[in-house]
Amino acid sequence: MTAIILNSLIVVLELISCYLAFEHSGIRALVFYTVLSNIMGLISSALYVGYAVGGGKPPLWVSTFRYTATVCLTVTFLVVMLVLLPMEAKHGDPARLLYKGANLGHHIICPILAIVSLLFFDKLHALGRKELLIAFSFTVAYATALIILNLLKKVHGPYPFLYVYEQPFFMSVMWLVVILGSAFGTAALVRLLVSVLNKNWK
C-alpha cells in the first residue's frame, strides 16, 4: 500500500511538473535529460500502480523500467546538486534550480520520492547485471545524441558541459567521462542498495 501511495503521488507531481516544463519550453523541453528522466518516472510509476492495484505482480520489465527511471532521476538530482548549482552560483540565482517552475518537482521532490519508494517499498524482481546495463544505457544514448546534435549545431547545450564549441576538447572528454562514470556508479549503487534494503519478493 505504501508503494502504491508513493507511486501515485509521483504520478500526480510528475503530471504537474511536466505541464509546467512544456508550458515554459514547449517541445524543446524534450532536449533536457531532466524532463526525459521525469517522463520515464511518470510512466514507470503509472505502470507500477496499474499492476499493483490490479492485484498482480508487476512483471520483470516493469521492475526494470522502475529501476532505470529511478537511476536517471537520481542522476538528475546529483547533477543538479553537485554540478549545476555550483555553476549557477557563479553567474546568477542558483535557488531557481530548486524551486522555479517545474524545478521543485523535477529536480528535488520526484527524484527523492522515486528513490525512497524503490529502495524500501516497491515490489521488485531481482535486478541483475543486465538490468544495470539497461539503466546505464539511457544516459549513454542521451549523451551520444546530444553531443552529435551539438557538433552539428542543431542544439546548443542544453547543459554547460555539453557546449562542445565553447570549451577545450579535453574538457568535453573530461565531462563525458565524469557524467557517464557517475551514471554507471549510480546504477550500480542503486542496484546494490535495492538488494540490501528491499526484500519484497525478488
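By class, the 13 nonpolar residues in the lining of the largest pocket are joined by nine polar and four charged ones. In this classification Ala, Val, Leu, Ile, Met, Phe, Trp, Tyr, Cys and Pro are nonpolar, Asp, Glu, Lys and Arg are charged, and the others, Gly among them, are polar. The model is a predicted one, in which local features need pLDDT of at least 70 and side-chain atom pairs count only at pLDDT 80 or more, while totals for chains, interfaces and linings use all residues. Residues are numbered from 1 along each chain as its sequence is written, and side-chain values use heavy atoms, with hydrogens and water left out.

Rolling a probe the size of a water molecule over the atoms shows where empty space is left. On a 1 Å grid over the protein atoms alone, a pocket is an open set of points where a 1.4 Å probe fits, with protein on both sides within 12 Å along at least five of seven lines, and lining residues have an atom within 4 Å of a point. Grid points are joined across faces, edges and corners, and the volume is the space filled by probe spheres set on the points.

The largest pocket holds about 730 Å³ of space. Its lining consists of 26 residues, and those nearest the centre are Phe32, Arg96, Leu97, Asn103 and His107. At least two lining residues of the largest pocket come from each of H1 (2–25), H2 (33–53), H3 (60–91), H4 (96–99) and H5 (103–120). Helices here are DSSP runs (H or I, at least four residues) and strands are runs of E (at least two), numbered from the N terminus.

The second largest pocket has a volume of about 380 Å³. Of the 22 residues that line this pocket, Ala143, Ile147, Phe161, Leu162 and Leu176 lie nearest its centre. Helices H2, H3, H6 (129–151) and H7 (169–197) each contribute at least two residues to the lining of the second largest pocket, and H7 gives the largest share, with six residues. By class, this lining has 18 nonpolar and four polar residues, and no charged ones.

Along the principal axes, the C-alpha atoms fill a box of roughly 50 × 35 × 25 Å.

Of the 202 residues in the chain, 45% are buried. Buried means under 20% relative accessible area, exposed means over 50%, and partly exposed lies in between (1.4 Å probe, protein chains only). The accessible surface of the chain comes to about 10,200 Å², and carbon and sulfur atoms account for 74% of this area. Such areas come from the Shrake-Rupley method with a 1.4 Å probe; for residues, only the protein chains shown count as cover. Among contacts (heavy atoms within 4.5 Å) between residues at least 6 apart in sequence, 74% join residues at least 24 apart.

Thr139, in helix H6, is buried, with a relative accessible area of 3%. Residues up to four places away in sequence aside, Thr139 touches Tyr33, Cys72, Leu180 and Ala183.

Tyr51 belongs to helix H2 and is partly exposed at 33% relative accessibility. Beyond residues up to four places away in sequence, the contacts of Tyr51 are Gly56, Lys57, Pro58, Pro59, Trp61 and Val62.

In the loop between H3 and H4 lies Pro94, which is partly exposed, with a relative accessible area of 26%. With residues up to four places away in sequence not counted, Pro94 touches Leu85, Glu88 and Ala89.

The loop between H6 and H7 calls for a closer look at the backbone. Most residues other than glycine have a negative phi, and most peptide bonds are trans. Lys153, found in this loop, has a positive phi of about 60° although it is not a glycine, and Lys153 is exposed, with a relative accessible area of 64%. Pro158 lies in the loop between H6 and H7 as well, and the peptide bond from Gly157 to Pro158 is cis, with omega near 5°.
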